[in-house]
Each structure stands twice: as C-alpha cells, then as structure tokens.
Amino acid sequence: MTLGMYCTAITTIASTAPNVSENCIDEIQGLMLVMLVSCVTYGKIKSKQIVRLEKGKVKMAVSSKAPGFSIALRKWAYNLSGFNKYGLHHDDCYDEADPDVKEALRRLPEHLVDERNFRIIRAMQLSLQKIILPKEEWVKFEEDNKYLQPYIEEAARERQEKEEWNKKY
Amino acid sequence: MASNAAKVPIFRAVTKCGFSTQTAVKASQNLSRRTEVKTAVLANKLVIASVDNNSPISTVTVLFRAGSRYEQHDSLGNTHILRIAAGLTTKDSTQFGIIRNLQQIGASLSCQTDRETIAYTLHSTSDNLETGLKFLGDVASKQVFKPWELSDNIPRLKYELASLSPYAQLLDLLHRAAYRTGLGNSLFCPDYLVGSHSTESLQHYVKNLFTTNHAAVVGVGVDHGDLLCFAQNLALESGAGQVESASRYSGGDVRRDTAESLAHVAVAVEGTSLKNTKEALAFAVLQYALGVGSYAKWGSSASPLTRAVGSAVGSDPFAVTAFNASYTDSGLFGFVSSSPGNVARQVVEAAVKQLRSGSLPSADIARGKAQLKAAILFNQESNSTLAEDIGTQAVLLGSVLSGPAAVSAVNSITDAEVNAAANKVKSGKLSVAAIGKLAHVPYSDQLT
C-alpha cells in the first residue's frame with residue numbers, strides 16, 4: 001500500500017467524524033486559545049488543523065511580569081492545547097490552505113517536510129483510533145522548535161510587499 | 001583626492017544634492033561628445049572608471065574577476081548559476097521588488113559572464129539612476145541564493161543548455177582543448193551538475209571572489225563623483241580573495257559528434273595576453289588582416305583566409321573567420337570555420353595553411369588596421385559596448401585605454417610587429433575543437 005493510498009484511506013474514515021478534538025481555554029486575561037483539529041482530504045494528505053494562538057496578546061499581557069512567569073504561562077497554555085499529545089509540533093497545525101503556509105511548506109527543506117509528514121500521519125492514526133501517545137512521548141514545550149515560522153514570516157513579508165505594490169500602482 | 005573628499009559625509013550630501021540639478025543641466029546644454037575616461041582606485045583597491053558623455057542614458061557596470069576560470073572541479077558551472085541567479089532575492093530586496101522597481105523606472109539590469117569576469121550592468125535614464133543603483137548594488141553585492149529560488153530556476157538553466165548554439169559549444173571545446181582547466185572551463189553548467197549547486201557553495205564562491213581587489217565599477221553617462229559615491233557604498237569585502245592559478249596552454253583535440261550535416265571546426269594556437277598591449281594589438285590587427293567575414297551584405301570577403309579556403313573547396317559553401325581571444329595571462333589565436341561535413345578536411349587544411357603562413361602582405365595589414373580601428377570606434381558609439389569595453393580593461397588591467405588612445409596605439413603598430421605575431425602563430429602548438437559531422441575533420445597531429 002503506497003503512502004498516498006494509506007493516507008486517503010485514513011482520511012476518508014476520519015472525515016466522517018471531522019472534529020476529532022476541540023479545546024476552548026479561557027485564560028486569566030480573557031485570552032482565547034482555540035484549537036480545532038480536523039482531517040480533510042484532497043486526494044493527497046491534507047490535514048486541516050487550525051490553531052488560533054493569540055501569541056502577540058499573550059506576550060503583551062505578561063510583558064510587565066517577570067520573564068520566568070511568561071515562560072511558565074506559555075508552557076501551561078502549550079500543554080493545555082493538546083496537539084502535543086498526538087506527537088505534533090506547534091507548526092504542524094497551521095492551516096495548509098493559507099497561501100503563506102503553502103508557500104512556506106514549498107520552501108521547507110525536504111528532511112523537515114518528511115519529519116512533518118510523519119508526525120501528521122501518526123497523529124491522524126492516533127486520532128482515528130481515539131487514543132493519544134503515552135505521556136513520555138508527548139512533545140515537550142522545550143522540544144517544539146517552530147521550524148516553519150521563519151518561512152511563513154518571509155512568505156508573508158513577500159506577499160505584503162506585493163499587496164503594497166498593487167495598491168500603489 | 002576626489003575619492004577621499006567624497007568619503008566625508010558632508011561632501012557626499014553635497015554631491016548627492018547635485019544629482020537632480022545635473023540632469024537638468026545636461027538636457028539644456030548641447031555639449032559636445034566627450035570620450036575622456038576618468039579612473040580612480042580606492043584605498044581598498046576597487047577600480048573605478050567613468051566616461052561622462054552627456055548621454056541621457058546612464059550605464060553602470062559592477063564587474064568581478066570571478067569568471068569560469070576560477071571554478072574548481074567541484075564548483076564547475078557556478079558562474080552560469082550566478083548569472084541565472086542575478087535578480088533573485090537579496091539581503092535587502094526581494095525578486096519581486098527588484099523586478100518591479102526597475103521596470104517602473106524603465107531601467108534594465110543584466111548579468112554577463114565570460115571566462116574571466118562576471119558583470120552586472122544597469123541601463124537607466126539618468127534622472128532615475130539613483131533608484132536603479134540601489135538595486136544594482138543589491139544584486140551585485142548582497143546575494144543570498146534562496147534554495148527554493150535556485151531550484152525554481154533549474155528549468156531555465158536546462159532550457160539555456162538545450163538551446164546553446166554550436167558556436168558557443170565549439171568555443172567551449174576549443175578552450176578545453178587549449179587549457180584543459182582554468183580558462184578551459186566551460187562558460188556553461190555541465191549537464192551532470194544541473195541542480196547540484198547549493199546555496200552554500202555559491203555563497204562560498206561569492207565570498208572568495210567578490211572582493212574589492214577583484215572588482216571594478218564603471219559608468220558611462222555618469223558623473224565621476226556620483227560613481228565614486230556608489231562604489232564606496234558597495235557592500236563588498238576587501239581582501240585578496242582567491243588568486244587565479246596561471247594558465248597553462250596545452251593544445252590537443254576535443255571533438256563532439258552530433259547529428260548535423262555541417263562540421264564546425266575551431267583551430268587555434270596560443271596567442272598573447274592582454275597585459276602585453278603592443279602584442280595584443282598586433283594580434284588584433286592580424287585577426288582583421290586574415291579576415292573576419294564579409295563587410296558587405298551577401299558579399300564575399302577578399303581576405304586571405306576566405307580566398308585560401310575558397311580556392312580549396314571550389315563551389316561548396318563554407319564560412320571562415322579569424323578568431324582572437326586575449327586573457328590576462330594567455331590568449332588564443334586561430335580561426336573558426338563551418339562547412340558541409342564532406343568538405344571539412346579541405347576547408348580546415350587550407351585555413352591552417354593560411355594561418356601558418358608566417359607573414360602577410362602589407363596591403364592586408366593596412367586593411368586589418370583600418371578595420372580594427374573602425375571596430376574600436378564603433379564599440380565606443382553605444383553606451384553598452386563602451387561600458388563593456390572599459391569594464392573589461394578596468395577589472396583585468398586596472399587601467400583603461402580610451403578610444404582615441406587605442407586608435408593611435410593601433411596606428412603605431414608596424415608591419416614587422418604584425419608579422420612577428422604571424423610568425424608566432426606559425427610555430428605554435430595547435431588546438432583543434434570540432435562539433436557536428438566530424439568524419440572528415442582532421443586531428444591536430446594531422447595538421448602542420
């Protein structure tokens with residue numbers, strides 16, 4: 001069975017129960033941290049996992065506090081968000097339909113793409129079986145390197161430049 | 001010193017202020033043509049040369065001694081990739097930004113590579129020059145080579161390689177036969193290395209070779225002070241950079257059979273280096289004296305080379321032209337011919353016989369001189385060829401001979417000097433390169 005067929009099989013089953021997990025967390029400052037994980041397919045592997053992490057606001061809200069507290073808060077939010085229990089990294093959960101993310105993924109070095117695909121397939125399998133990884137295999141806050149971030153930022157900057165230009169001329 | 005004065009911020013501001021007013025003055029006055037070349041060498045060894053000929057178009061070129069001769073075995077094709085990569089995202093501006101901003105001001109930016117140099121050239125109207133120069137500086141000195149942009153350009157690289165003319169390939173083969181490595185490196189990326197040039201290897205190449213003492217900045221239709229300003233602000237590392245290994249002429253055969261009915265053949269012996277100006281000019285005169293093709297449309301050339309080959313092949317079609325290339329420490333002199341494969345032997349043998357004749361009648365030498373002078377002056381007519389000409393001299397020799405000076409230098413070449421060059425050709429070891437239908441093309445050891 002090829003990888004593609006395997007993914008199609010999983011995702012077809014998964015799409016009958018699209019919202020695998022849904023967490024809504026109210027933070028002290030009234031921040032919303034919503035995670036929606038759903039799996040959809042467009043022929044090839046295509047996991048649509050939306051994370052709305054109001055990162056900027058978290059930073060602003062706690063900037064007056066000691067840095068230790070900020071990290072602790074972010075760690076707490078990270079563990080609550082839940083995707084790490086499926087072995088996913090933060091950057092695995094971006095919406096792939098977003099043009100910036102799409103471009104960033106195109107630019108990502110191949111070995112990172114492979115690792116990412118592995119994590120996503122594993123997460124879909126776990127989600128399908130309604131189980132999570134054993135606790136010692138959960139992704140830790142410290143281990144989560146935001147590998148896609150610089151690429152997304154660059155793609156976004158380039159898109160903004162194009163938009164600015166189109167407004168001007 | 002003008003160069004030092006412009007380094008002081010206040011003076012720089014003053015020169016900058018002059019930008020906008022100068023163009024107005026230029027337009028209003030109908031000044032006579034000027035061909036005077038101003039040169040300067042900065043403390044970091046960057047050579048600057050400019051001709052302010054009051055042209056409404058400004059041409060600025062940044063050149064580096066970083067052509068294909070500097071490629072090592074593991075970096076073959078780097079210069080081709082560098083040429084393809086000109087205009088890609090840099091540290092300060094994106095590909096989109098470079099393209100659109102230059103388009104908006106009607107400027108054009110190009111990159112040319114040859115065996116010794118890489119040249120980034122900007123053509124722009126003088127009033128928009130400042131905007132254009134920003135991007136020229138970015139493209140020439142702030143490359144980053146994003147991996148995805150490099151791989152996006154591979155189809156273009158393949159297309160270029162697939163559409164190479166037989167002549168481009170022929171001259172590559174000739175250099176390979178003559179020098180093997182260094183100057184023998186191809187101008188183009190070898191097929192088997194397409195897609196293998198990484199960001200790191202390109203960065204390494206650029207870091208080693210794009211240093212100030214490998215570089216020159218030349219301008220045509222640009223104020224010398226403005227050009228100094230631009231050159232000083234270029235983000236180039238100073239330092240020795242990679243030293244070129246001296247060229248060694250070897251000679252021999254390199255042939256490539258293709259499914260063509262024609263045979264293209266290039267034969268050369270070692271000529272002279274650019275450093276020896278007198279001899280280089282004698283070889284240039286010799287080239288024109290031997291004949292560089294027809295000067296009237298559909299007409300046939302009466303040059304010795306054409307006559308010799310014409311009488312040998314009879315009614316079969318052929319083309320032959322003398323070939324002369326001078327580099328910093330060596331040069332090639334010979335001819336390039338094309339003919340149907342079945343008469344290639346007669347063409348090549350007759351042309352070699354003429355090439356190795358050892359002396360020429362003074363009427364032919366006089367014609368050669370006149371044609372060379374005309375060619376030099378024609379080159380001075382257009383901004384782009386003038387910039388190319390000055391640029392090559394500035395970056396390879398560190399000094400520039402202006403058009404009139406070059407013409408008087410040609411005048412001072414005597415028949416004896418040209419015949420001495422012809423004598424050198426007579427005794428030199430042959431390099432033979434051929435492409436096409438090669439069944440009848442002789443090898444170098446079969447030619448005398």
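Select Asn44(B): at 30% relative accessibility, Asn44(B) counts as partly exposed, a class between buried (under 20% relative accessible area) and exposed (over 50%), with a 1.4 Å probe and protein chains only. This is a predicted model, in which local features need pLDDT of at least 70 and side-chain atom pairs count only at pLDDT 80 or more, while totals for chains, interfaces and linings use all residues. Residues are numbered from 1 along each chain as its sequence is written, chains are lettered from A in the order in which they are written, and side-chain values use heavy atoms, with hydrogens and water left out.

Asn44(B) lies in the loop between strand S1 (38-41) and strand S2 (47-51) of chain B; strands (E, at least two residues) and helices (H or I, at least four) are DSSP runs numbered from the N terminus.

The C-alpha atoms of Asn44(B) and Thr212(B) are 6.2 Å apart, although 168 residues separate them along the chain.

Now show both chains. Here 10 residues of chain A are in contact with 9 residues of chain B.

Finally, select Lys146(B) and Glu154(A). They form a salt bridge, with the closest N and O atoms 2.9 Å apart; the term requires a side-chain nitrogen of Lys or Arg within 4 Å of a carboxyl oxygen of Asp or Glu. Helix H4 (99-107) and helix H6 (149-168) of chain A each supply at least two residues of the side that touches chain B. The largest share of that side, 7 residues, comes from H6(A).

Notes: Contact = heavy atoms within 4.5 Å.
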